[in-house]
Amino acid sequence: MKLPTINLHQPTTLAEALNLSNTLGPGSRFLAGGTDLLARLKRGAAKAAELISLVHIPELRQIRGLTIGGGVNLYSLLEVTDLHRQFRALSQAAAVVAGPQVRNQGTLAGNLCQDTRCLFFDCSDGLARARPLCLKRGGEECLAVPGSKKCFAAYQGDTAAALLALGAEVKIEHLGGSRRLALADLFSGYGDRPLSLAPGEVLTQIILPQPQSEIRSGYRKYRLRGGIDFPLAGVALNLVPPCSETPQGEVRVGLTGLSSRPQLLNLGGKASPDELAEAVHRAARPVDNVGGQARHRRYMACQMARDLLEELRNEAAD
Ligand SMILES: Cc1cc2nc3c(=O)[nH]c(=O)nc-3n(C[C@H](O)[C@H](O)[C@H](O)COP(=O)(O)OP(=O)(O)OC[C@H]3O[C@@H](n4cnc5c(N)ncnc54)[C@H](O)[C@@H]3O)c2cc1C
């Protein structure tokens with residue numbers, strides 16, 4: 001598949017990128033590693049006449065303490081000393097994104113901002129046009145949930161589940177200002193426009209919370225091909241130790257691959273594996289749209305959550 005003709009702009013500062021986006025308007029898109037966006041442009045599943053590359057902006061590639069630049073690639077992230085010890089869910093999630101080439105090229109912001117996926121939408125233009133168009137391609141209804149006027153395309157980013165469970169925040173910059181929000185607020189829940197970013201906004205930083213010494217976290221992923229594949233279900237857990245606000249502690253759960261947005265659940269620190277599995281079962285409502293049976297994806301999410309909780313608790317007891 002050929003990439004359509006597109007003008008590529010390569011600013012070297014964030015201010016320049018934001019100005020360019022303002023000048024070029026809605027026909028332009030930001031480009032990071034391109035591993036998600038370029039493939040979609042080739043398939044006709046995304047449109048852009050102008051691309052603004054963020055690759056040559058040094059400030060986006062910096063890691064300062066707990067603040068990770070949006071342009072840091074997943075491979076470099078995995079090189080960060082102490083990441084695995086302090087934020088294991090994130091290092092485990094980043095390590096299983098796609099395969100080595102994609103991790104080397106793909107960035108953390110690009111991973112969070114990747115588009116949703118669905119067999120009816122995320123296919124070649126030719127195939128999409130061989131049947132009635134799905135809602136996300138401009139049709140009348142969602143083909144995965146016939147009759148629905150809501151798009152059910154699935155969000156399948158790995159790191160979002162981990163970062164949600166860890167309590168990360170993100171910094172968004174636009175021409176003339178910035179805002180900082182909890183990661184959960186980056187996602188809209190609508191499959192056809194999954195992010196709450198306004199045109200011209202750049203995700204510049206991912207901010208991790210201060211690690212607590214007893215913090216324990218992990219990520220489990222169910223995918224078809226172990227070497228390279230999107231999560232059909234992904235579960236991150238973070239066992240937050242007791243503090244004055246939550247004397248029993250918390251089990252924070254991040255889910256991905258099961259809905260149009262990554263989901264965050266909060267359970268009391270004493271939740272049993274069965275209670276956790278039940279909460280995941282209630283929250284996870286996948287539909288048959290990304291390979292694997294929805295029922296099985298939901299089952300796997302519950303099972304992975306249960307196993308991971310037992311594993312983290314056993315580790316804590318050692
Ligand atoms: C074969 C293959 C397998 C894959 N498997 C997985 C997988 O298992 N798990 C997974 O999570 N992903 C997977 N991906 C998806 C994707 O490649 C990765 O998520 C990657 O991290 C995306 O990062 P990128 O820098 O290449 O993003 P790009 O493709 O450059 O951008 C993706 C989207 O994010 C936007 N964007 C990028 N940076 C910013 C920013 N700083 N601010 C605002 N918007 C921004 C872009 O405009 C675009 O809409 C896979 C891709 C391929 C090709």
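Reader: By class, how many nonpolar, polar and charged residues does the shell around the ligand have?

Author: The model is a predicted one. The shell around the ligand has 18 nonpolar residues, ten polar ones and six charged ones. In total, 34 residues surround the ligand, and the closest of them are Phe 30, Gly 34, Thr 35, Asp 158 and Asp 229.

For Phe 30, a polar backbone atom is 2.5 Å from an oxygen atom of the ligand. Arg 29 takes part through its side chain, where a polar atom lies 3.0 Å from a ligand oxygen. At Ala 98 the backbone is involved again: an N or O atom there lies 3.0 Å from an oxygen atom of the ligand. As for cover, the ligand on its own has 980 Å² of accessible area, and the protein covers 90% of this.

The shell can also be read by element. Those that give two or more residues to it are β2 (28–31), α7 (108–113) and β8 (202–207). Of the elements, α7 gives the most, with four residues. On the level of domains, domain 1 (59–207) and domain 2 (216–317) each supply at least three residues to the shell around the ligand.

Conventions
Residues numbered from 1 in each chain as written. Predicted model: local features only at pLDDT ≥ 70, side-chain atom pairs only at ≥ 80, totals over all residues. Heavy atoms only, no water. Near = heavy atom within 4 Å. Polar contact = N/O pair within 3.5 Å; in protein donor to acceptor, adjacent residues only side chain to side chain. Areas by Shrake-Rupley, 256 points an atom, 1.4 Å probe, with all protein chains shown as cover. Nonpolar A, V, L, I, M, F, W, Y, C, P; charged D, E, K, R; others polar. Domains from an automatic or database assignment.
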